[in-house]
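Please examine the sequence and the structure shown here.

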Amino acid sequence: MIIGSKIRLRDKRLADALDDYIWRTDPELAQLDTTPQLTTTFSRYLVDYAYELNYSSSIRRRFAVEMLDGKHIGNCSYYNIDETKGEAELGIMIGNRDYWDKGYGIDTVNTLVNYIFGQTNLKRIYLKTLDSNIRAQKCFKKCGFTPYGHLVRDGFSFTLMEITREQWQERQTQAEA
Ligand SMILES: CC(C)(COP(=O)(O)OP(=O)(O)OC[C@H]1O[C@@H](n2cnc3c(N)ncnc32)[C@H](O)[C@@H]1OP(=O)(O)O)[C@@H](O)C(=O)NCCC(=O)NCCS
């Protein structure tokens with residue numbers, strides 16, 4: 001369990017499957033996440049879900065985001081982990097809309113970034129978000145990410161953002177002062 005101020009991160013478990021299915025079949029969330037909207041049945045999804053839970057990957061870590069009382073509100077991850085380059089990509093989805101715009105995204109990203117730089121040797125975390133996703137960009141900026149470029153892929157236009165270990169350390173020092 002990784003504890004933030006308003007949320008905590010924990011390993012994914014089978015009981016998350018229904019929430020995740022609801023979020024993966026939601027057209028707006030699929031669009032914000034630029035992932036195909038899931039069309040499979042829940043029972044089929046559950047079979048794949050159970051299989052994936054038992055499969056640990058060296059290039060990806062996924063966490064459930066839950067309230068301090070245990071309510072599951074979303075997911076986050078770091079993936080495309082490249083030990084040689086010392087970097088990974090960050091992803092987040094607060095799937096439950098009731099929890100948007102209340103600071104849970106910022107706390108989740110800060111908690112995950114603190115974990116990555118505190119517990120791994122990675123030196124850089126990067127991400128991509130739709131140019132139109134101003135909420136996400138504002139959230140990432142508040143967590144110390146800075147824009148470093150643009151990418152157009154599959155008809156989508158993305159803003160690229162990053163934070164380095166040095167920038168994170170600087171923020172830690174400023175927060176302690
Ligand atoms: C993007 C996301 C992680 C942000 O988390 P959140 O908990 O909703 O947002 P937070 O409250 O932590 O911070 C968002 C900030 O953007 C602001 N904001 C929200 N909507 C906005 C909009 N349409 N335009 C400008 N600013 C906006 C909020 O006011 C807040 O700023 P503030 O702290 O100055 O008030 C979350 O909304 C989410 O997961 N959305 C669905 C999936 C998604 O977009 N994922 C990101 C893919 S890269």
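By class, the lining of the largest cavity comprises four nonpolar, one polar and two charged residues. Here Ala, Val, Leu, Ile, Met, Phe, Trp, Tyr, Cys and Pro count as nonpolar, Asp, Glu, Lys and Arg as charged, and the others, Gly among them, as polar. The model is a predicted one, in which local features need pLDDT of at least 70 and side-chain atom pairs count only at pLDDT 80 or more, whereas totals for chains, interfaces and linings use all residues. Residues are numbered from 1 along each chain as its sequence is written, and side-chain values use heavy atoms, with hydrogens and water left out.

The lining residues of this largest cavity are Trp 23, Arg 24, Leu 29, Ala 30, Asp 33, Thr 35 and Met 93. At least two of the lining residues come from each of α1 (17-24) and α2 (27-32); helices (H or I, at least four residues) and strands (E, at least two) are DSSP runs, numbered from the N terminus. The volume of the largest cavity is about 40 Å³, and a search of the whole structure finds one cavity of 30 Å³ or more. On a 1 Å grid over the protein atoms alone, a cavity is a set of points where a 1.4 Å probe fits but cannot get out, while a pocket is an open set with protein on both sides within 12 Å along at least five of seven lines; lining residues have an atom within 4 Å of a point. Grid points are joined across faces, edges and corners, and a volume is the space filled by probe spheres set on the points.

Charged contacts come next. The structure holds 15 salt bridges, each defined as a side-chain nitrogen of Lys or Arg within 4 Å of a carboxyl oxygen of Asp or Glu. In one of them, Glu 66 meets Arg 13 at 4.0 Å, N to O. This pair links distant parts of the chain, with Glu 66 in strand β3 and Arg 13 in the loop between β2 and α1, 53 residues apart. Glu 66 counts as buried because its relative accessibility is 1%, whereas Arg 13 is partly exposed at 42%; buried means under 20% relative accessible area, exposed over 50%, and partly exposed in between (1.4 Å probe, protein chains only).

Another salt bridge joins Glu 89 and Lys 128, at 2.9 Å from N to O. It also links distant parts of the chain: Glu 89 belongs to strand β5 (residues 87-94) and Lys 128 to strand β6 (residues 124-130), 39 residues apart. Glu 89 is buried, with a relative accessible area of 6%, and Lys 128 is partly exposed at 27%.

Asp 11 lies in strand β2 (residues 7-11) and is partly exposed, with a relative accessible area of 48%.
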